[in-house]
Structure formats: C-alpha cells, structure tokens
Amino acid sequence: MVKAMKLEIKNGAFGYPGKPILNDVNLELNTGEIVCVLGKNGAGKTTLFKSMLGVLKPLSGSILLNGRPVEHWDRTQFARLVGYIPQARSLPFPFTVMDVVLFGRTAHLSVFGSPGKKDRIIAEECLELLNISDLKNRNFTQLSGGEQQLVIIARALAQQPSFLIMDEPTSSLDFGNQIKIIRQVNALKNNSLGIIMATHSPDHAFMCNADVVIIHEGKIWKTGHSDTIITEEILKKVYGVDVKIRSLGNETECNRLVCVPTV
Amino acid sequence: MLIVSVLFSACLGRYPLSVSDLLTYLLTGRSVDTSLPTVLLNVRLPRIIGALIAGGVLAIAGTAYQGLFRNPMVSPDILGVSSGAGFGASLAITLSFSLIGIQLTAFFFGLIAVFLALFVSRIIGKHHDKILMLVLSGMVTGAIFNALISLMKYIADSDSKLPDITFWLMGSLANISFDQIKVVLPLVIMGTIPMFLLGWKLNVLSFGDEEAKALGVNTGRLRVIIICCASLITASVVCISGLIGWVGLIIPHFARFLVGPNHKFLLPAAFLSGSIFMLLVDDVARSATSLEIPLGILISLIGAPLFLIFLSKSTKKSW
C-alpha cells in the first residue's frame, strides 16, 4: 500500500521574471485523486506544471511535496515520487522505444548506474500495459505523434511515481487511444496515484469523475468536483462557445455528464 | 582491428621494418637488426600511442558534446578550447618558450577559454535557454581568441616565429615523446572515466533539460562535469598535437552508425574508431610523400569527403 502523500501549492505566482502568468494559486493534490486542469490555449497550464516540477522557479509562494519545498528536494528523490508527461518533444538521436522507456528508470539507478535486467522487466511491463510491446525495438524518432505519446506515458509509468503530472496526455491520440489513456488514468488512481492532468476536453473530467481546476485570466477561477463546476455558463466564458451539458443517467454503462457543443 | 593497425603502423616509415622482424622482436626480445629497438621505442611507438590517444580523445569529447548540446553538428571546439589553446601556443612561440612551455601555455589557455565561455553564459544567460547561451558564449570566446591568434601571427617574427605558429596551428604528431605521453595519459584517464560512467545520464539529456530534470537528472551538475572532463582531455591532447579538426565531428557519427545512440556503448566505440582513424591518417601523413604532410591538413582533406559519405549513408538508414 502506498503511503498517502500530498503535493500542494500555497499562494503561488508563476511565470517568468517581469512576466507573471498565474497568480494566487492554491492547489492540493493527494495520492488517489485526479485533478483535471481546464483552460484555453495559453492560459498557463504548462507554466503551472513546470513550476510544480521545480523546473521553473515560482515567482512567489511555495510548492510543497509532503510538506517540503520542491526546490529543496534532490532531483533523483523527487523523480521517484513525481512523474511528468510533457506536451511537445524532440529527440535528436535515434533511440529505440525500449531505451526511451528505460529512461524512466533513471531515478531508481545509482549515480553511475545504467538499467539492468530488473529495469528491463519493468519497462516491458509498462509497454505491455499500454499495448505497445510491438513498438519495443522501433526507432522512437520514426513513430507517429500518437505512438510517441504512448511511449512517453510508458516511460512515466516505468518511473513508478506516486504522482503524475500529465500535460495533455491525450493530444495527438486517436479516438480509441484517448479512451484507453483515460481508462489507464482511472486505473492508476485506483492504484493510489495522484494525477494532475491538463486536458482540452471537459468530457475527460467527467469520465474520470475528477476534481476540476479552471484557469482563467491568470488565476484559478473555479475549483471543485467536475459535476458541479463544469457548467454551460462557465464553458461559454472560458472557451467562448455554446455548449449543452446533458446527463446520460439512463445509460447504465456510462452514467455521467457529457458536453455537446452546438455547431 | 586496433592491433593490426598498430602493428602495421609500427612497420611503416622512413626506416621500414618487416612484420616478421617486429613480431620476432616483440615475442623473443631478440633482433637481427640492431637499430630496430631504437626506431621502434623512441620514434614509432610514442607517435603511435600519441595518435591513438589523440584520435580517441577528440572522438569521445565530440560525442559527449553532441549529446550534451543535443546537436549532432557540434564538435569539441564548440566552447572555444581549440582557439584558446591555439592562442596559448602562438603566444608561447612568440615569447620563445621551450616546447614544454608552449604545451603548458596551450593547455591552460584552452581551459581558460572554456571557463570564460561557461562564466559568460552564467552571467548573461540567467533566464534564457541555457544551452543556446552556452553555444553563443563559446562562439564569442572562440572569436576573441581567434582574433588574438591573428594578432600574434601579425606581430610574430615572420622569419622564425611565424612558420612555427602556422605549423603548430596545422596540427602534427611529429614531436611526440614518451615524456609527454606520461604527462597527458593520466589527465586523459582522469577526464574519460567520469564520462564513461555518466553515459546513461547523457542519454537521458537527449530529451532536453526539463524532461531530464523530471526524470531525476541533476542537469546543471551533469553539464558542468561533462564540460570539465571533455575540455580537460581535449586541452591535454591539443597541447601536444596542435589543432586537429574534424575527428571530433565525424567519428561520433561513424560510431553512432555502428553501435547506435546509447552513450554507454557509443563512447567506447567512438574512442576506438577515433584512435584507429587517427593512426591510419597519421601513417599517411608521415609516409605518403618524402616531406611530411601536416596531419591537420590531411585530416580535413580526408575527413570532409568521408563526412559526406556518412551523411548520405545515414539518411538512408535514418538513425
């Protein structure tokens, strides 16, 4: 059983010196929870994630992992607890998919170590879990965007973290793979991982039965459970389009709310 | 392959030795030809070892830098180590230092150039892309030292000093002795071992700074260690061999073509291929014509077309 852990932000202001992007951020993520971050393009979702990872220094306020400021954590120790799935990526050298997934094991190796047999087994399990074992020996740089995305998710799983920060994990995935990833996210939550995920589809928040954070005009505008927070007016305000939200209550297989944009 | 090329190189030269004589001497310690031990130990062997070290070192430094800067077009002089060493050598030659003095000055100015680049990038590059800043700072320090080299050439005595400077800048392994190798070898070993050990971390850096950090790599520290090690070994080689370009750029490509991009295997492969390449080119340099061709010139002449061949091959294999 994984020990309960907490990743929290207190009065955070994030962005670049002289160019703050987010202000007054308060947020809490516990293991066994999913938080979906919604907001239009350029709202500051990636900035928030980079700050949470300690890659971008907060302009003010603090980000605490288990009560300890992120910048005081040793990078290796931190990476054993927090995994990251970034949005865009480029790889200048032709590593194989297996190598890329093994990169996820880095935090578990000694300073001068390289992955061993045990790490390979874990990496293979992660590929298996995402149904991409057949990509194992392929050149990562030659995969399609969606395949790369799945490999990067496998890499984060190989890291065996307690928290996952996912920056639009379903972008560039086809319809089927999107749903598979959402299912995987739910399974990980049930395995006591804490997941914070940026998404452009409010439906994903309904599918994950998740808590929602809406970023709007440089602030966290709303927080709460998806069923109460995601409303027609709020989506209109954030995205500027008309949306109908309906319940699928009489469908036993998918008893949840759905968003239907009017076209 | 390595052993064969070493034996071949040992036999080759102004005073030709036969392979059988050489093997008899090596295995039994006896020799029909009394001058064989002298030729072998004092002339050929230091040069062979020198070529192996120089080629190997330039190749791994190039490989490490290409990994570090995530750019396969980078060579060991990206941070100005060669320009710095070149300036050090021309300064020392102008001031009529001894051979050792010239090499020491070259070594120190090589390192100074790199530290200057690191320092400048730290100051101006606080909030920018660190790698970009480092490359630009390297270009700037390189340019400054190149200007200083030209200045030295301009003020140097054109009858005695200028030819020496020019010759040094072209690079050659002709003056290598065992004493120099004894000094350089420990430095090279000291700089190489950490790079081999950190090979895996260097792989992870391929995805860029932010992702490598998120995967648990202390990127700042790793970068400084690799830069220090690579500069140390490059400076120690350049100070005895003069400026030799291309090896650090082409050999990493060749090695990647052979063993793939994983630095755990790539660095040793680069070292071996660099060594063999340098040894064979040096053989050509000293025996193709009656007058020795400067190694640096020959390497560029051979290296440039070879690079094109690798490139066309590799786009087909698309590694």
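**A close look, then a wider one**

Analyst: A:Asn11 is found in strand S1 (residues 6-16) of chain A; helices and strands here are DSSP runs numbered from the N terminus, with at least four residues (H or I) for a helix and at least two (E) for a strand. Before going on, please keep in mind that this is a predicted model, in which local features need pLDDT of at least 70, side-chain atom pairs count only at pLDDT 80 or more, and totals for chains, interfaces and linings use all residues. Residues are numbered from 1 along each chain as its sequence is written, while chains are lettered from A and ligands numbered from 1 in the order in which they are written.

Most residues other than glycine have a negative phi. A:Asn11 is not a glycine, yet its phi is positive, at about 50 degrees. Is A:Asn11 buried or exposed? A:Asn11 counts as exposed, because 12 C-beta neighbours lie inside 10 Å. The cut-offs are these: 20 or more other C-beta atoms within 10 Å make a residue buried, 12 or fewer make it exposed, anything in between is partly exposed, and C-beta atoms are placed from the backbone.

A:Asn209 also has a positive phi of about 50 degrees without being a glycine. A:Asn209 sits in the loop between helix H7 (202-207) and strand S9 (211-216) of chain A, and counts as partly exposed because it has 13 C-beta neighbours inside 10 Å.

For a contrast, turn to A:Gly44, in the loop between strand S3 (34-38) and helix H1 (45-52) of chain A. A:Gly44 is buried because 23 other C-beta atoms lie within 10 Å. Beyond its neighbours within four places in sequence, A:Gly44 is in contact with A:Ile21, A:Leu22, A:Gly39, A:Ile215 and A:Gly218; contact means that the C-beta atoms of two residues, placed from the backbone, lie within 7 Å.

Strand S6 (residues 82-85) of chain A gives another buried stretch: A:Val82 and A:Tyr84 point one way, A:Gly83 and A:Ile85 the other, and all are buried. S6(A) pairs with strand S7 (residues 163-167) of chain A in the parallel sense over four bridges, where pairing requires that DSSP finds at least two bridges. Within S7(A), A:Met166 is the bridge partner of A:Ile85.

The largest nonpolar core has 168 residues, and A:Val101 and B:Val247 are among those that touch the most other members. Such a core is a set of buried Ala, Val, Leu, Ile, Met, Phe, Trp, Tyr and Cys residues joined through C-beta atoms within 7 Å. Helix H3 (residues 36-68) of chain B gives the most to this core, with 13 residues.

As for the meeting of the chains, 25 residues of chain B are in contact with 28 residues of chain A. Helices H9 (199-204) and H10 (209-214) of chain B each supply at least two residues of the side of chain B that touches chain A. Chain B itself has 14 helices and zero strands.

Finally, how confident is the predictor about chain A? The mean pLDDT of chain A is 90, and 98% of its residues reach 70 or more; pLDDT is the predictor's confidence in each residue, from 0 to 100.
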